[in-house]
Amino acid sequence: MATNTLTSTRGTLLRLATAGSVDDGKSTLVGRLLHDTKSVLSDQLAAVERVSRDRGLTAADLALLTDGLRAEREQGITIDVAYRYFATANRSFVLADCPGHVQYTRNTVTGSSTADVVVLLVDARKGVLEQTRRHLAVTALLRVPHVVVAVNKIDLVDFSEAVYDRVEAEVQAVARELGVVDAIAIPVSALDGDNVAVRSARTPWYSGPSLLELLEALPPSDDPANESFRLPVQLVIRPQGAARDEQHRDYRGYAGQVASGVVRVGDEVVALPSGRRTTVVGIDLGERTLDEAFAPQSVTLRLADEIDISRGDVIAAAVDAPEPTQDITAVLCWLGDVPLRPGQRLLLKHGSRTVQTAVRSLDGALDLDDLHTAPSEALSLNDIGLVTLRLASPVPVENYATSRRGGSFLLIDAHDGRTVAAGMVGATLPTGAPAPTRPEGDEAWEI
Amino acid sequence: MTTTTNVTTPTASPLASTGSAPSSLAAGDSDDRRLSHLDALEAEAILVIREMAGELERPALLFSGGKDSVVMLHLATKAFWPAPIPFPVLHVDTGHNFPEVLAYRDETVDRLGLRLVVASVQDYIDDGRLRERADGTRNPLQTMPLLDAINDHRFDGVFGGGRRDEEKARAKERIVSLRDEFGQWDPKNQRPELWNLFNPRHRPGEHVRVFPISNWTEVDIWRYIDREDIPLAPLYYAHEREVFQRDGMWLAVGPVSRPRDDEQTSTRLVRYRTVGDMSCTGAVESPARTNAEIVVEVAASTMTERGATRADDRISEAAMEDRKKEGYF
């Protein structure tokens with residue numbers, strides 16, 4: 001069984017993100033993973049050793065491998081996501097090391113949104129902290145396929161099974177409340193490397209895999225190729241007189257990434273929002289032609305009929321195409337410095353389409369202390385809330401619960417272009433009845 | 001049921017000399033459609049390039065003739081095929097570039113029918129807008145001509161071949177990264193970059209830098225060059241060259257890199273892992289003459305490419321971060 005799993009993940013890419021409260025040891029764990037997979041080269045290690053020595057440390061501070069900014073090294077904290085790369089004989093990994101400070105939660109949202117697995121660190125001495133809850137909430141909302149809880153600094157609690165059991169039970173209870181049912185816990189010492197790359201003799205009571213063994217074997221359970229076919233059109237490729245080869249003068253193709261599913265030559269598809277149907281007659285990837293394409297390949301589709309399709313439209317399987325809509329409810333992670341208030345107008349980007357939107361109502365915000373939804377007048381930086389939006393034109397959104405790609409969107413401030421929210425269509429918040437706070441004269445906000 | 005990964009190569013590739021057959025499927029089973037590591041990186045880069053072409057008014061692509069920008073250009077030809085790349089390429093010429101790299105740059109531009117914009121550091125030195133540095137390196141001098149070219153041509157987005165594995169400040173960079181009206185990068189206040197939804201919107205005067213190959217490592221670049229059979233400038237492959245040793249690097253003997261009296265010259269079999277300013281780019285001793293040999297060499301290397309070959313990054317612990325904040329690539 002284990003062999004089968006490794007065979008099926010061989011040669012693939014796994015994206016992971018770290019999470020957890022400040023000082024729980026995220027950067028040290030990342031440094032340890034890089035070091036123990038021989039991903040740290042001699043000049044990088046020499047630089048870390050030199051800086052560590054200058055600071056009077058007796059051993060190399062592996063956190064310095066990822067804390068690359070001047071301010072990070074000065075303050076000994078992580079400010080922004082650092083991306084690192086490592087590979088084993090079986091798999092390649094892209095790792096987003098995310099900061100733990102509350103003001104940098106938006107970076108945890110950034111790291112988690114593309115992650116296949118979040119490694120949540122918890123200090124064995126401290127258990128669940130506010131940021132642990134916040135990060136678990138973000139992980140649950142963003143539907144990261146796998147959550148691994150690394151109960152860190154196990155060396156500082158004398159490798160105690162009782163302490164580990166208590167912390168694990170505490171984390172799992174919070175995780176279950178937030179809807180994460182299959183978190184896997186591992187006792188580790190990032191500093192010493194126990195159970196990071198290899199299983200430790202100092203935790204004989206633990207019989208599970210090391211962190212690296214687990215990461216090598218995790219199945220990509222959330223494979224978008226298993227969903228229905230969708231392709232947001234990024235560009236219409238029509239070379240005309242500019243064709244580099246005369247035979248392509250009349251070429252007309254619709255370029256985009258297969259967001260989900262599989263498309264084959266001969267498939268009947270529908271263009272959204274127009275609803276016009278046609279058939280796929282060709283699939284190109286550069287100059288290669290393919291019989292089929294699947295998520296997440298970037299391809300160009302040729303269609304049987306010259307129907308009106310432009311950038312921003314979605315080409316979908318004709319059999320179960322989503323219904324374009326102007327009214328959506330969604331959960332937002334608010335990432336803007338200026339709070340969100342009902343009535344506000346913003347831009348919404350979904351796939352390759354950007355439309356105007358108005359916030360019709362703020363229907364509640366998540367209280368992270370007792371994990372229930374409470375009425376709220378505004379969403380501030382790092383708040384998580386439920387909203388009702390009205391869109392200026394119909395967009396074929398899907399439920400985030402069934403499609404991470406089809407259900408996700410950005411909210412953008414039209415004035416300065418900033419991304420102010422991560423949105424998830426149809427998502428719900430953990431518990432408590434939402435109490436809407438609609439602005440007066442609701443109709444005024446229709447667009 | 002079996003699925004065929006059919007591969008046909010109807011016409012000559014613009015960049016690749018032959019159409020080698022990349023394997024799209026990691027496994028041949030129709031129930032197990034999973035992209036290989038390299039195919040996933042390719043798909044992501046093409047997504048980014050197309051999305052920026054759709055969102056931006058006047059993008060340009062930084063093309064130095066170096067391997068990373070060549071790979072980026074190859075990905076751009078795939079993104080728009082069979083149409084040509086719909087934007088110009090921009091080269092900041094330090095005046096100290098390797099002549100064979102400039103020749104390669106011009107050949108490639110001709111072959112692909114691209115429009116080339118050159119911003120010349122030498123011009124700035126000649127008319128006094130920039131002054132030569134005491135250490136002779138011109139890499140940090142590239143920032144002003146780059147920003148002026150962006151302003152003069154009203155480029156609102158610039159594609160760069162920067163990779164996050166190159167350097168620790170680059171590891172912090174977004175794929176789509178905002179620059180203010182002075183071209184500055186503010187690493188503490190970067191936009192969240194969510195799912196694969198990229199947002200390059202900005203105020204007038206600002207622009208974005210776009211790094212489609214952010215997630216590629218040096219060995220990924222070489223595996224891809226090998227797989228796609230992308231031609232490169234000859235100095236990436238082992239050749240005999242007259243060199244001398246300085247700060248643990250082999251520098252070529254040339255007009256801008258003269259040995260001092262105490263530095264011995266010798267002729268060695270070397271190749272370049274990075275290609276930049278001749279005065280500060282070192283060669284490595286290597287017998288690797290083919291892409292496949294280089295893949296093996298790079299995978300086994302115990303030094304980073306910049307650590308092994310770039311004097312400009314040794315100036316301080318935060319040399320790259322400081323240059324990037326000012327508007328460097």
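Reply: Strand β18 (residues 345-350) of chain A runs antiparallel to strand β19 (residues 353-367) of chain A, and six bridges hold the pairing. Strands here are DSSP runs (E, at least two residues) and helices are DSSP runs too (H or I, at least four residues), both numbered from the N terminus; two strands pair if DSSP finds at least two bridges between them. Within this pair, Lys349(A) sits opposite Thr354(A) of β19(A). The two strands make a hairpin with two residues between them, and Gly351(A) in that turn has a positive phi of about 60 degrees.

A word on the basis: this is a predicted model, in which local features need pLDDT of at least 70 and side-chain atom pairs count only at pLDDT 80 or more, while totals for chains, interfaces and linings use all residues. Residues are numbered from 1 along each chain as its sequence is written, and chains are lettered from A and ligands numbered from 1 in the order in which they are written.

How covered is β19(A)? Mostly: eleven of its 15 residues are buried, meaning that 20 or more other C-beta atoms, placed from the backbone, lie within 10 Å of the residue's own.

Now for the wider setting. Between the chains, 61 residues of chain B are in contact with 63 residues of chain A, where contact means C-beta atoms, placed from the backbone, within 7 Å. On the chain B side, α1 (37-55) and α2 (67-80) each supply at least two residues, and α1(B) gives the most, with nine.

Chain B itself is divided into domain 1 (37-219 + 318-326) and domain 2 (233-314), with bounds from an automatic or database domain assignment. Their C-alpha centres are 24 Å apart, and 21 residues of domain 1 of chain B are in contact with 20 residues of domain 2 of chain B.

Note on methods: Two residues are in contact if their C-beta atoms, placed from the backbone, lie within 7 Å. A residue is buried if 20 or more other C-beta atoms lie within 10 Å of its own, exposed if 12 or fewer, and partly exposed in between; C-beta atoms are placed from the backbone.
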